[in-house]
Amino acid sequence: MDWSSLIRKIKSGDYLELELIYKKYRVEFVKWIMKSYKCSGEDAKDVYQQTIITLYENIVNDKIQNFNSSIKTYLFAIGKNKFYATSRDKQRFHMEIDESMSMVAQETETNEEEIQKLKGMEKSLGILGDPCRKILELYYYHKKNMKEIADVAGLKNPETAKNMKYKCLKRLRTICQNEVV
Amino acid sequence: MRLFNRKYRGMKKENADIILIEKYLEGQLSKKEIKEFEERLKEDRYFRVLVHDIKKLVKGIEFSARQELLNKLKKTEKSLPAIPEGRTPRVIKLRRLKYAVAVAATIALLAGSIYTIIISRDQSLKEDYFMEYYAPYPNIIHPVQRAEETPMTDEELAYYYYESEQYEKALELFLKLNEATGDSESTLFYLANIYMAIGNYEEAIENFTILLNDSVVFKNQTRWYLGLCYLEDGNYPNAQEQLEKITETKNSYNERAEELLSKIKNQ
């Protein structure tokens, strides 16, 4: 599959397409990570899942620019960085870092309080419920436009979806203002 | 701890402000608008709180949606057969192919197959090595502050785009910077890195080569990335030359250069 076809299919929002990519490179990727970084199969699968998520996010955010490299090459490049990031987060991998890498490490330090807040927000989104939660996730994470959101959420038109989105965002803000984590 | 402070509720023109904040977060404001935005941020306390809240809300929504997607992938993973330990699929394929060829193929087919295997194996190894060792050089010139600051100068913005992997926008600004600074070492180094990141190895090689003559700070980094470009380009002698030069002096690239060299030589 080439890039343009992959991007078109992923952007159409079908999870099955992402699942196909997941299955296609899974064995090769997991073995490569296990072999290259001497980690367990479970850890390698975690890295692979994070890699597929980054691929998805880069596609929906139009961040793919290296069309000269193959999809496999691109995935493996993300995977390598993901492995280091995951290892740093879990603090179970000691690696030699030179002066430049140490700056990257500082930037990706895990902020426990931040994660707690994000989890609290997840709870608030649960309280908000559907269709509001879905609308906000479609817009902010999956980068759908108002017409697509109107279609998915069964709303009358893009304008209705837009107004709904603002109402939902404000409602979420109010929930968060009342929520204690 | 409260997720948000509740005393800043009931703002006027909230929708219009939310639109403005979203544009700001998505990088859709002009330089002039960014300046106005930041002025208002300093002066208008309610606006400042709204910006803070929207940022947190968007982060939370993204986090939640990402978790949902991750759970879906984990469910998919559970439905798949276990991955067998052992040798890589490429080796297995070669063995199977060897067997099939021995049984059925003519000499011509055999020759053709071997040629194809060598070429595809070479291509695959080249990609594997490149992927194993390549990562864009980190932004150490203007590291992005995770606080509420926004890059303002063209130079800061260029490095911001570089760090956030928006290479197309970064390229545009780095080209301008390079013109203004007349091939300054750091600008040229990052410019070459951008070309590399977008897969334009020809331009990357050209810029790294220019840099090699005058480089003081990024000498070994330049050799390393130039070597990787040659490797990706299939030019092994030139790749080896750069890697060997790295191993001649003591530096932070020694170990990986030696490792990669031995892999290329044993291939």
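This is a predicted model: local features need pLDDT of at least 70, side-chain atom pairs count only at pLDDT 80 or more; totals for chains, interfaces and linings use all residues.

## Overall make-up of chain A

Chain A contains 9 helices and 0 strands, which follow one another along the sequence in the pattern α-α-α-α-α-α-α-α-α.

Of the 181 residues in chain A, 31% count as buried. When contacts in this chain between residues at least 6 apart in sequence are considered, 61% of them join residues at least 24 apart.

## A helix pair in chain A

Helix 8 (residues 146-153) and helix 9 (residues 158-178) of chain A pack with their axes 8 Å apart and at an angle of about 90°; the two helices are therefore roughly perpendicular to each other. On the side of helix 8, the contact is made by A:Met146, A:Lys147, A:Ile149, A:Ala150 and A:Ala153, while helix 9 contributes A:Pro158, A:Thr160, A:Ala161 and A:Lys162. Sorted by class, this contact has 6 nonpolar, 1 polar and 2 charged residues.

## Nonpolar cores

The largest nonpolar core has 62 residues, of which B:Ala158, B:Ala170, B:Phe174, B:Ala192, B:Ile194 and B:Cys229 touch the most other members. Helix 8 (residues 185-197) of chain B supplies the largest share of this core, with 9 residues. Apart from this core lies another, of 28 residues, which includes A:Ile135, A:Tyr140, A:Ala161 and A:Cys168.

Leaving aside neighbours within four places in sequence, B:Cys229 is in contact with B:Met196, B:Tyr201, B:Ala204, B:Ile205 and B:Phe208.

Notes
Residues are numbered from 1 along each chain as its sequence is written. Chains are lettered from A and ligands numbered from 1 in the order in which they are written. Axes are lines fitted to C-alpha atoms, for helices over the stretch in contact, and angles run from 0 to 180 degrees between N-to-C directions. Helices (H or I, at least four residues) and strands (E, at least two) are DSSP runs, numbered from the N terminus. Angles under 35 degrees count as roughly parallel, over 145 as roughly antiparallel, 65 to 115 as roughly perpendicular and the rest as oblique. Two residues are in contact if their C-beta atoms, placed from the backbone, lie within 7 Å. Ala, Val, Leu, Ile, Met, Phe, Trp, Tyr, Cys and Pro count as nonpolar, Asp, Glu, Lys and Arg as charged, and the others, Gly among them, as polar. A nonpolar core is a set of buried Ala, Val, Leu, Ile, Met, Phe, Trp, Tyr and Cys residues joined through C-beta atoms within 7 Å. A residue is buried if 20 or more other C-beta atoms lie within 10 Å of its own, exposed if 12 or fewer, and partly exposed in between; C-beta atoms are placed from the backbone.
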